[in-house]
Amino acid sequence: MLKIGNVTWRGRCGKHPTYNPAEDGEGGIRGGCARCYALLSIQRQHTALVRALREFGPIAERKRKIVELAQLQTSLFD
């Protein structure tokens, strides 16, 4: 079982505080900044994780258990 809780994380580059990896992408990184590249990597990995969780199936589908009821009444016409 894997439990992933709600995580709120706010990261930004000290040199480029206006850089937003979701909007700017790799083209928005100025001067080859390592922290901006790290933010871009984190954003891409987060997007991949969310996509994988959604592909796994909705929560209601995963929680539903298939229960087969045993036949409690024997046939009256045997």
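Guide: Two residues are in contact when heavy atoms of theirs lie within 4.5 Å. The model is predicted: local features need pLDDT of at least 70, side-chain atom pairs count only at pLDDT 80 or more, and totals for chains, interfaces and linings use all residues. Residues are numbered from 1 along each chain as its sequence is written, and side-chain values use heavy atoms, without hydrogens and water.

Visitor: Which residues is C13 in contact with, leaving aside neighbours within four places in sequence?

Guide: C13 is in contact with C33, R35, C36 and L39.

Visitor: What makes up the largest nonpolar core?

Guide: The core has seven residues: C13, Y19, I29, C33, C36, L39 and L40. A nonpolar core is a set of buried Ala, Val, Leu, Ile, Met, Phe, Trp, Tyr and Cys residues joined through side-chain atoms within 4.5 Å. Of the 78 residues of the protein chain, 14% count as buried.

Visitor: Why is L53 called partly exposed?

Guide: Buried means under 20% relative accessible area, exposed over 50%, and partly exposed in between (1.4 Å probe, protein chains only). L53 has 38%, so L53 is partly exposed.

Visitor: Where in the secondary structure does L53 lie?

Guide: L53 lies in helix 2, residues 34–56. The protein chain has three helices (DSSP runs of H or I, at least four residues) and zero strands (E, at least two).
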